[in-house]
Amino acid sequence: MTSTSPPASGGYQAGVCNIGPAEVSRRRRSGHVGAILGIGLFIVLVALGVPPVWRLLVVLPAAVGAVGYLQARRRFCAGFAMQGVFNLGELGSQTSVADPDATSRDRAAALRFFAEAAIIGLMVGVIAVVLPV
C-alpha cells in the first residue's frame with residue numbers, strides 16, 4: 001500500500017509528493033476560492049428561494065475546493081501528475097518525470113484525488129439540499 005503522506009525528505013516521490021512549498025500555497029489558495037464560491041453560491045440560492053434541489057449546484061465549487069485542499073495537504077498536484085511533471089521549486093519550473101512506472105503511479109494517484117474530490121463535493125451538495133433553511 002502506498003503512503004499518502006509526503007516524504008520526510010521533501011523530494012519528489014511518485015504517487016505521493018510532486019509539488020514544493022510554492023505550489024502547495026497555490027493549491028491552498030484554490031481550495032479557499034472553491035470554498036468561498038461554494039458558500040457564496042449556497043447563500044445566493046437560499047436568498048433567492050430556489051427549490052432545494054438547485055442547491056446541488058454547490059457540488060462544483062465544493063469539489064474544486066476539495067481538490068485544492070487535498071493537493072495542498074498531500075503535496076501532490078493531480079494536474080501535474082496527469083501531465084507527467086513535478087515542481088518542487090519556484091512556480092513555473094516544472095520537471096518531467098522520466099520513469100514510465102513513476103508516471104503511472106502519479107496518474108493513478110491523480111485519479112484517486114479526483115474521485116475523492118467528487119465524493120466530497122457530492123456530500124457537500126447533498127448537505128446543502130437537506131439543510132432546512
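Predicted model: local features only at pLDDT ≥ 70, side-chain atom pairs only at ≥ 80, totals over all residues.

What follows is a set of questions and answers that sets values against definitions.

Q: What makes up the protein, counted in helices and strands?
A: The protein has four helices and two strands. Helices (H or I, at least four residues) and strands (E, at least two) are DSSP runs, numbered from the N terminus. From that end on, the order is α-α-α-β-β-α. The C-alpha trace spans about 55 × 30 × 25 Å along its principal axes.

Q: Why are α1 and α2 called roughly antiparallel?
A: Two packed helices are described by the angle between their axes and the distance between the axes. Helix α1 (residues 21-48) and helix α2 (residues 59-74) pack at about 155 degrees, with axes 7 Å apart. Here axes are lines fitted to C-alpha atoms, for helices over the stretch in contact, and angles run from 0 to 180 degrees between N-to-C directions. Angles under 35 degrees count as roughly parallel, over 145 as roughly antiparallel, 65 to 115 as roughly perpendicular and the rest as oblique. Therefore α1 and α2 are roughly antiparallel to each other.

Q: What is the handedness of each crossing, for α1 with α2 and for α2 with α4?
A: The crossing of α1 and α2 is left-handed, and that of α2 and α4 is right-handed. A crossing is left-handed if the near helix is turned anticlockwise from the far one by less than a right angle, and right-handed if clockwise.

Q: What makes the contact of Arg 27 and Glu 23 a salt bridge?
A: A salt bridge is a side-chain nitrogen of Lys or Arg within 4 Å of a carboxyl oxygen of Asp or Glu. The closest N and O atoms of Arg 27 and Glu 23 are 2.7 Å apart, so the pair qualifies. Both residues sit in helix α1, four residues apart, which means about one helical turn between them. Glu 23, Arg 26 and Arg 27 are also linked in a network of salt bridges. A search of the whole structure finds four salt bridges.

Q: Are Arg 27 and Glu 23 buried or exposed?
A: Buried means under 20% relative accessible area, exposed over 50%, and partly exposed in between (1.4 Å probe, protein chains only). Arg 27 has 8%, so Arg 27 is buried, and Glu 23 is buried as well, with 1%. Of the 133 residues of the protein, 38% count as buried.

Q: Which parts of the protein does the salt bridge of Glu 116 and Arg 74 tie together?
A: The closest N and O atoms of Glu 116 and Arg 74 are 2.8 Å apart. Glu 116 lies in helix α4 and Arg 74 in helix α2, so the pair ties together parts that are 42 residues apart in sequence. Glu 116 is partly exposed, at 27%, while Arg 74 counts as buried, at 18%.

Q: How do you know that Asp 101 and Arg 105 count as partly exposed?
A: Asp 101 has a relative accessibility of 43% and Arg 105 has 38%, so the values lie between the limits for buried and exposed. These two residues form a salt bridge, with closest N and O atoms 2.3 Å apart. Both lie in helix α4, four residues apart, about one turn of the helix.

Q: Why is Val 130 called exposed?
A: Val 130, found in helix α4 (residues 100-130), has a relative accessible area of 59%, so it passes the limit for exposed.

Key: Residues numbered from 1 in each chain as written. Heavy atoms only, no water.
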